[in-house]
Amino acid sequence: IDADIYGPSMPTMFDVVGQRPTMVEVNGKSLIEPVVNYNVKLLSIGFFTDQENAVVWRGPMASKALTQMITEANWGKLDYLIIDMPPGTGDVQIGLSQDIKPNGAVIVSTPQDLALADARKGEEMFRKVNIPILGIVENMASFSCPDCDSVHYIFGKNGARDEAKKMKIPY
């Protein structure tokens with residue numbers, strides 16, 4: 001589930017821009033049928049809105065839309081339900097943490113100080129709402145230059161690894 005209501009990216013990342021979920025009847029109840037690509041079931045507010053238009057909703061509307069994507073969808077049998085949350089510690093994150101009570105959280109950060117500051121806030125929020133932190137992943141750690149075969153650490157090096165040590169969580 002793409003929980004970034006204001007900046008949904010899943011339709012683009014999964015190459016399904018323009019697709020729309022359908023409605024299906026399951027046990028007498030009308031449910032949203034997730035879009036499927038790469039053998040992954042997906043729901044995102046980006047399937048219900050125009051990619052070019054901003055979603056201008058207050059927190060309660062965003063939280064309600066997210067709750068509907070979770071509880072009113074035909075997920076069937078799942079191995080895992082992964083919720084990609086936006087950065088920060090706002091209404092969406094707090095609501096999900098309290099209402100759904102996930103089994104765990106993985107924090108994803110780029111290695112620079114500014115992104116790591118957000119990672120620390122996320123870590124603190126998950127601890128306060130008693131959600132175990134499974135680990136931290138460093139994204140966009142380096143760029144491999146195809147012309148010169150060298151690796152460049154544009155955003156710094158080992159920031160998330162070092163932060164994981166400070167947080168005492170797996171990297």
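Which residues does Pro-102 touch, not counting residues up to four places away in sequence? In this predicted model, Pro-102 touches Leu-96, Ser-97 and Ile-131. Pro-102 sits in the loop that runs between helix 3 and strand 5, the latter spanning residues 105–109. With a relative accessibility of 30%, Pro-102 counts as partly exposed. Asn-53 is 49 residues from Pro-102 along the chain. The C-alpha atoms of this pair are 30 Å apart.

Thr-89 belongs to the loop between helix 2 (59–71) and helix 3 (91–99). Its relative accessibility is 35%, so Thr-89 counts as partly exposed. Neighbours within four places in sequence were left aside for the contacts of Thr-89. The contacts are then with Ile-94, Lys-121, Gly-122 and Met-125.

The packing of two helices was considered next. Helix 4 covers residues 113–128, and helix 5 covers residues 159–167. Their axes lie 11 Å apart and meet at an angle of about 30 degrees. Angles under 35 degrees count as roughly parallel, and helix 4 and helix 5 are therefore roughly parallel to each other. Their crossing is right-handed. On the helix 4 side, the contact involves Leu-116, Ala-119, Arg-120, Glu-123 and Arg-127. On the helix 5 side, Gly-159, Ala-160, Glu-163 and Met-167 take part. The residues of this contact comprise four nonpolar, one polar and four charged.

A disulfide is a covalent bond between the sulfur atoms of two cysteines. The structure holds zero disulfides. For Cys-145, the closest cysteine sulfur is that of Cys-148. The distance is 3.1 Å, which is too far for a bond, because a disulfide requires the sulfur atoms to be within 2.5 Å. How do the two cysteines stand in terms of burial, buried or partly exposed? Cys-145 has a relative accessible area of 15% and is buried. Cys-148 reaches 45% relative accessibility and counts as partly exposed.

Conventions: Residues are numbered from 1 along each chain as its sequence is written. This is a predicted model: local features need pLDDT of at least 70, side-chain atom pairs count only at pLDDT 80 or more; totals for chains, interfaces and linings use all residues. Side-chain values use heavy atoms; hydrogens and water are left out. Axes are lines fitted to C-alpha atoms, for helices over the stretch in contact, and angles run from 0 to 180 degrees between N-to-C directions. Helices (H or I, at least four residues) and strands (E, at least two) are DSSP runs, numbered from the N terminus. Angles under 35 degrees count as roughly parallel, over 145 as roughly antiparallel, 65 to 115 as roughly perpendicular and the rest as oblique. A crossing is left-handed if the near helix is turned anticlockwise from the far one by less than a right angle, and right-handed if clockwise. Contact means heavy atoms within 4.5 Å. Ala, Val, Leu, Ile, Met, Phe, Trp, Tyr, Cys and Pro count as nonpolar, Asp, Glu, Lys and Arg as charged, and the others, Gly among them, as polar. Buried means under 20% relative accessible area, exposed over 50%, partly exposed in between (1.4 Å probe, protein chains only).
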